[in-house]
Amino acid sequence: MSNSPGAATTPRRDQIRREAARLFAARGFLGVGVDEIGKAVGISGPGLYRHFSGKDAMLADLLVGISERLLEEGRRRSAAADPADALDALIDGHVDFALDDSDLITLHDRELFHLKEEDRRRVRRLQREYVELWVATVRAAFPALAAPEREPAARVAVHAVFGLLNSTPHSLGLRPSTGPAAAPAPAAPQGGAPDRADLLSRTDMAALLHRLAHGAFTAAGAAA
């Protein structure tokens with residue numbers, strides 16, 4: 001899937017996105033040069049300008065693009081007729097994001113301030129819409145949270161779940177898969193060993209995160 005719904009999608013452009021995200025996350029936006037990104041994808045630095053106007057454009061494409069993608073996918077998933085099914089679908093979608101796009105989570109946390117003001121405002125607006133989508137879905141799925149006075153509890157629960165889902169895979173990593181078609185596992189944190197036997201597989205991590213997220217919302221509803 002293209003990182004940005006409105007951007008041109010080519011194998012080379014997507015490759016540049018992936019490598020730029022990886023390098024920016026590992027070494028910081030200011031610590032990576034265009035030539036290094038070009039080398040990582042096998043083209044000259046100046047050749048990147050056929051795809052992006054510069055590093056600023058790459059960062060904006062990554063951060064605005066993932067915000068657009070999350071909101072678009074969230075709207076699709078939350079359209080399920082049954083609110084409980086809609087919430088399960090939202091959780092599944094965000095778990096996939098947290099497991100597969102951890103570099104983008106790091107970029108958002110560390111590099112958002114490098115965006116131009118207009119792009120920062122756009123990211124913030126898209127994120128607010130995404131949060132409101134979740135809050136509405138949680139309140140529909142848990143009638144105890146539907147009353148106006150319970151809206152703050154639903155909102156706190158949504159933000160708590162985002163913190164859980166976004167931070168856990170990034171902090172712990174995943175057990176590398178040995179399957180021939182497996183996607184590359186996220187990089188291990190500093191000081192960690194990527195082949196530790198105590199790491200969870202992607203499937204097990206996804207299932208556990210889903211249960212924990214659902215449990216947080218259940219707890220919020222029970223406290224009403």
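Me: Why does F162 count as buried?

Reply: Its relative accessibility is 11%, and buried means under 20% relative accessible area, exposed over 50% and partly exposed in between (1.4 Å probe, protein chains only). F162 therefore counts as buried. This is a predicted model, in which local features need pLDDT of at least 70 and side-chain atom pairs count only at pLDDT 80 or more, while totals for chains, interfaces and linings use all residues. Residues are numbered from 1 along each chain as its sequence is written, and side-chain values use heavy atoms, with hydrogens and water left out.

Me: What makes the rings of Y130 and F162 a stacked pair?

Reply: A search of the whole structure finds five aromatic pairs. For Y130 and F162 the ring centres are 5.6 Å apart and the planes meet at 5 degrees, so the pair is stacked. The rule is that rings of Phe, Tyr and Trp (its six-membered ring) pair if their centres lie within 6.5 Å; planes under 30 degrees apart count as stacked, over 60 as edge-to-face and the rest as tilted. The pair links distant parts of the chain, with Y130 in helix 6 and F162 in helix 7, 32 residues apart. Helices here are DSSP runs (H or I, at least four residues), numbered from the N terminus. Y130, at a relative accessible area of 7%, is buried.

Me: What makes the pair of W134 and F217 tilted?

Reply: Their centres are 6.2 Å apart and their planes stand at 40 degrees, and the pair is tilted. W134 in helix 6 and F217 in helix 8 are 83 residues apart, which again joins distant parts of the chain. W134 has 0% relative accessibility and counts as buried; F217 is buried with a relative accessible area of 0%. Y130, W134, F162 and F217 form one aromatic cluster.

Me: Which residues of the largest nonpolar core touch the most other members?

Reply: Of its 57 residues, these are F24, I37, W134 and F217. Helix 3 (55–77) is one of the helices that supply at least two residues of this core, and helix 3 gives the most, nine residues. A nonpolar core is a set of buried Ala, Val, Leu, Ile, Met, Phe, Trp, Tyr and Cys residues joined through side-chain atoms within 4.5 Å. Not counting residues up to four places away in sequence, W134 touches L87, L90, I91, H94, V158, V161, F162 and F217, where contact means heavy atoms within 4.5 Å.

Me: How do you know that the charged end of R13 sits over the ring of F52?

Reply: That charged end is 4.2 Å from the ring centre. A charge sits over a ring if NZ of Lys or CZ of Arg is within 6 Å of the ring centre and within 35 degrees of the ring normal. The charged end of K55 likewise sits over the ring of F29, 4.4 Å from its centre.

Me: What puts the buried residues of helix 8 on the same side?

Reply: The buried residues are M205, A206, L209, H210, A213, F217, A220 and G221. They cover an arc of only 150 degrees around the axis, and therefore lie on the same side of helix 8; the arc is that of the directions from the helix axis to the C-beta atoms. On the other side, T203, R211 and A222 are exposed.
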